[in-house]
Number of protein chains: 4
Amino acid sequence: MSEQAATVTSKPNGPYELVARRTYPEYRRTTRCRVVNVAGVAVGTGCPVIIAGPCAVESRDQTLAIARAVKAAGADLLRGGAFKPRTSPYEFQGMGDEGLEILAEARARSGLPVVTEVLDPRDVERVGQVADCLQVGARSMQNFPLLREVGRFGLPVLLKRHWAATLTEWLCAAEYIAVEGNLDILLCERGIRTFTQGDYNRNTLDLNVIPAARRRTILPIIADPSHATGDAAMVPDVARASIGCGVDGLIIEVIADDSQRCRTLCDGPQGILPAELEAIADDARGWCRRPQAKLAPR
Amino acid sequence: MSEQAATVTSKPNGPYELVARRTYPEYRRTTRCRVVNVAGVAVGTGCPVIIAGPCAVESRDQTLAIARAVKAAGADLLRGGAFKPRTSPYEFQGMGDEGLEILAEARARSGLPVVTEVLDPRDVERVGQVADCLQVGARSMQNFPLLREVGRFGLPVLLKRHWAATLTEWLCAAEYIAVEGNLDILLCERGIRTFTQGDYNRNTLDLNVIPAARRRTILPIIADPSHATGDAAMVPDVARASIGCGVDGLIIEVIADDSQRCRTLCDGPQGILPAELEAIADDARGWCRRPQAKLAPR
Amino acid sequence: MSEQAATVTSKPNGPYELVARRTYPEYRRTTRCRVVNVAGVAVGTGCPVIIAGPCAVESRDQTLAIARAVKAAGADLLRGGAFKPRTSPYEFQGMGDEGLEILAEARARSGLPVVTEVLDPRDVERVGQVADCLQVGARSMQNFPLLREVGRFGLPVLLKRHWAATLTEWLCAAEYIAVEGNLDILLCERGIRTFTQGDYNRNTLDLNVIPAARRRTILPIIADPSHATGDAAMVPDVARASIGCGVDGLIIEVIADDSQRCRTLCDGPQGILPAELEAIADDARGWCRRPQAKLAPR
Amino acid sequence: MSEQAATVTSKPNGPYELVARRTYPEYRRTTRCRVVNVAGVAVGTGCPVIIAGPCAVESRDQTLAIARAVKAAGADLLRGGAFKPRTSPYEFQGMGDEGLEILAEARARSGLPVVTEVLDPRDVERVGQVADCLQVGARSMQNFPLLREVGRFGLPVLLKRHWAATLTEWLCAAEYIAVEGNLDILLCERGIRTFTQGDYNRNTLDLNVIPAARRRTILPIIADPSHATGDAAMVPDVARASIGCGVDGLIIEVIADDSQRCRTLCDGPQGILPAELEAIADDARGWCRRPQAKLAPR
């Protein structure tokens, strides 16, 4: 590790380089981003993609039902966690391998590629057998051994911003993936922790970071209105705000119906209904027909 | 004052009541807000209004030129400060009475009603002679004597949220105005102070607070993308985000042309050009034709 | 006002100058501060002073009893509010003029000089008749007209830091007082608002700001463990922490006995008992005999 | 994993139990903590221990020199990183295995037990061969696979609080270690990220959390004034503040002499000199002779 560090330390161009806009002459004078191909779904074309599904895979029935519903509502990719990072060791930790099998079946039936989280560098191979895109969660944003492993594995990576990460820290986390040869990275803003926590939301969606990141990196940037609010009633407005801000996609938690809200093991209060997702997806598609908002490069 | 306090303390319905949605049966089952009439401009109809102008009145020529330009770009109201709250006593403090005269002339020539700030309870009468809407700035949000005076004066009030105010503190500040008999209040979100300050922005625009406030109050809610970013290059994206979130208006700082950016005495880096304002105003008008995003009341 | 601004803007030495350490050759190579004389009590000598009393003056009996108790416990100055800034207009707003009379009697009987808050520039004269030191509260830290009035009045001023103020903003607020000819200013850190609010405290006591401010200004700096925690059980530890950090004084809220905690109209949960105050005062005096912690000037 | 989760989920006593004060009748009515034995050094006796050393092991000479100096200055334990979590992949990542060998030699020569960080669950065995106490860094506080591995390994663990972790999140992270059978955990507060970042410090030392955590857990709690300020000139005052607040120890970064400040590869600006450490250690020892500050349990 020390040798590697010695080699790499010689890079002269700032703390991140491979993901930086200024590194690529062809991107320098635009706000276009590098398109990432997730099992045939193009992210970063100017038309926002919709990633939707349950917070966690909790059963075969629940997952297949939600997969069917989000497909019908217009989703492009299916989300759902088999390995869940949970604050307490006594909370539901995900279904693990069994959850991965359910996700594989949900993909086969719905035709939607799957985005799912990996927590442990030793699990990358295992989760990567099933996933079309590996999610690195907010808590793992600076889990450097994990970042290097998902970089080496080669599947597209959805990299969430930690709730207290600066923009540089976030882009440097992406750089850890990129230095292993993998540039297929989607950045995901999921809310920052501010004094408003516990007042009217769980986190503060930080949309200022979208144009700020756009200016510095060629990577596509998506938003997560579910975690950024923690409240299903706020998700539609905040999803539309994100689209208005020019994000390349949304990742949204969905529950099958209102009866599930309290029985859900993970994050029930923030899941929206399939009909609400459909309205958001329609609005997002409407945005595709408009020219993208241009940001003057510095 | 002790007698008054004794009387008012008997109110049973929480820390704010006159501005609360639940107080009004006719508003309880909708997300509509109470329309505020600012010299003939209706705020809160579902179609966002555009308030634009210089940060500060710095000269007659500058103010008249910008007023003409924002009118042509589609603004509904003219903003501009004659009394400026400044961090240091050695910074430009505004033109004072001379600035008020210039604002009166700008209104006469452009036909745009004027929104301007008042800092001191002793100045309410004087500023109120010229203003169509009195602005209470973020730093004054809990200047209770000032809030009572602008409440008594009776003109519409634009009440900015302090950068570290909870939602309850903000609504209670509005209540101080309302208890004096004045419900013509526009709430304005202008960014909160978070750990991101100085990283890529001056403040974090908090759009989560829009649906959260909508649920609790009948007052119209607008956003200030200029202060919420501190960076002209971020204003257009963030203005569109605010519109997507369902705000009732935008207040935006404008400079006449790029040559003014460095010569401007106050907040030059965040002023946008008239052409950029026009594009934002067009997008906002497009939003009028759409049904307003609905938020499920709690 | 515009003329004045024009004059003052010409100051060349940064946003604050009169309160800056670098302005005074005699203070430049030390961390000593300028001693402020509050009716015979010297603040800034290296031995921390204790300012204690009720949050608000709520009755003659309550105030006289607490004044007697804090005097016996070793307090140097009496605190207590007759005009209270309260989040909601329906909360107890202070006893006003009647409260000032009670404070005058408490001073006469206890022999302790009085620190009390003024909220409105129009009240400075009235409050100043009774106070030995005028307090400008956190919410008023950038109430510039108020700062100028207390500057002109000439009594010592205790200037609280707003819960979201940078160090520069705080020192510039002091400068607004100083430009009116009054350098008798005590800075008071009372906690900043962070994501921890509502978790285990009301605010986060920011002791890092003590050495940082020490380096930049000649003004004495005190701490307010009561507001910085909002929890009586945390006050003693945090008070000792402040003393360890080298503050020039503590301002602490006291209740007469535990039965008062719930009946107190203002901030009952954070008031400590006289016996706890006495233990803190003893520790503070122990600190006087030690050489002050030295901070290497930059 | 799902079976385990199912079993563990049945715990009835809140999100953390094994580290909670209320779980242990013998601790319930005191503020004493459980003493942790780090290779013969008792932490949590009421007398603060001093952990000191370089930020990173950068060479044999540097490490041996600093180890000798901190021993002479009164340190009880040696700190120093062989594996360093760094924001950018291009920064010095630590000397790895070679660094571990140097640490082993430094321990042999100085007689000080060694605290060093482990980043990767696959490295626990390797680092644990040399360490007397494994450090889990702030960025890894919610690296749950790592927490479980260090729990299983059985050496004492120094668990830093993430800069944006609530108290519950921090105690739950300790619980992940404890459920694997290891209660030898030292909690370490190292500063939280607030709006003050980049103003006058890198982080805000949060001393309020010390009494708040004391009330809830039996684990010893130490403070890290180096990371909590990021500025050597602030470390002594803030270290004394921590001692005043009743911490069970301090962990402090030391450089050999001022000429090292700029040549140091990691965190040079926050390292203090051996002479400054000695003064702090003397003050801490003075504290041992005093009865510990008592906090009223809730």
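Modeller: Let's start with the residues of H4(D) that are buried: Gly99(D), Leu100(D), Ile102(D), Leu103(D), Ala106(D), Arg107(D) and Ser110(D). Look down the axis of H4(D) and the buried residues fall within an arc of 160°, so they line one face of the helix. That arc is taken from the directions that run from the helix axis to the C-beta atoms.

Before we go on, a word on the ground rules. This is a predicted model, in which local features need pLDDT of at least 70, side-chain atom pairs count only at pLDDT 80 or more, and totals for chains, interfaces and linings use all residues. Residues are numbered from 1 along each chain as its sequence is written, and chains are lettered from A and ligands numbered from 1 in the order in which they are written. As for pLDDT, that's the predictor's confidence in each residue, from 0 to 100.

H4 of chain D covers residues 97-110, which is 14 residues, and reaches 20 Å from its first C-alpha to its last, close to the 20 Å expected at 1.5 Å a residue. The expected span is 1.5 Å times one less than the number of residues.

Contact, by the way, is when the C-beta atoms of two residues, placed from the backbone, lie within 7 Å.

After H3(D) you'll find Gly74(D), whose phi is positive, near 110°.

Now hop over to chain A, where Leu100(A) sits in helix H4 (residues 97-110). Leu100(A) counts as buried because it has 22 C-beta neighbours inside 10 Å. Leaving out residues up to four places away in sequence, Leu100(A) touches Ala82(A), Val127(A) and Val130(A). The C-alpha atoms of Leu100(A) and Thr116(A) are 8.8 Å apart, although 16 residues separate the two along the chain.

How far can you trust chain A? The mean pLDDT of chain A is 92, and 93% of its residues reach 70 or more. Over residues 1-10 of chain A, though, the pLDDT is below 50, and this stretch has 13 contacts in the model beyond near neighbours in sequence. Residues 291-298 of chain A also stay under 50, and there the model has 18 contacts beyond four places in sequence. For the complex, the predictor gives an ipTM of 0.93 and a pTM of 0.94.

Let's zoom out to the chains. A rotation of 180° with 0.0 Å of shift along its axis superposes chain B on chain A, with an RMSD of 0.0 Å. The C-alpha of chain B nearest that axis belongs to Ala241(B), 2.0 Å from it. Superposing is done by least squares on the C-alpha atoms of residues with pLDDT of at least 70 in both copies. The contact between them takes 36 residues from chain B and 36 residues from chain A. On the chain B side, H10(B) gives the most, with eight residues.

Finally, chain C: 37 of its residues are in contact with 38 residues of chain B. H7(C) brings the largest share of the chain C side, five residues.

How values were computed:
Helices (H or I, at least four residues) and strands (E, at least two) are DSSP runs, numbered from the N terminus. A residue is buried if 20 or more other C-beta atoms lie within 10 Å of its own, exposed if 12 or fewer, and partly exposed in between; C-beta atoms are placed from the backbone.
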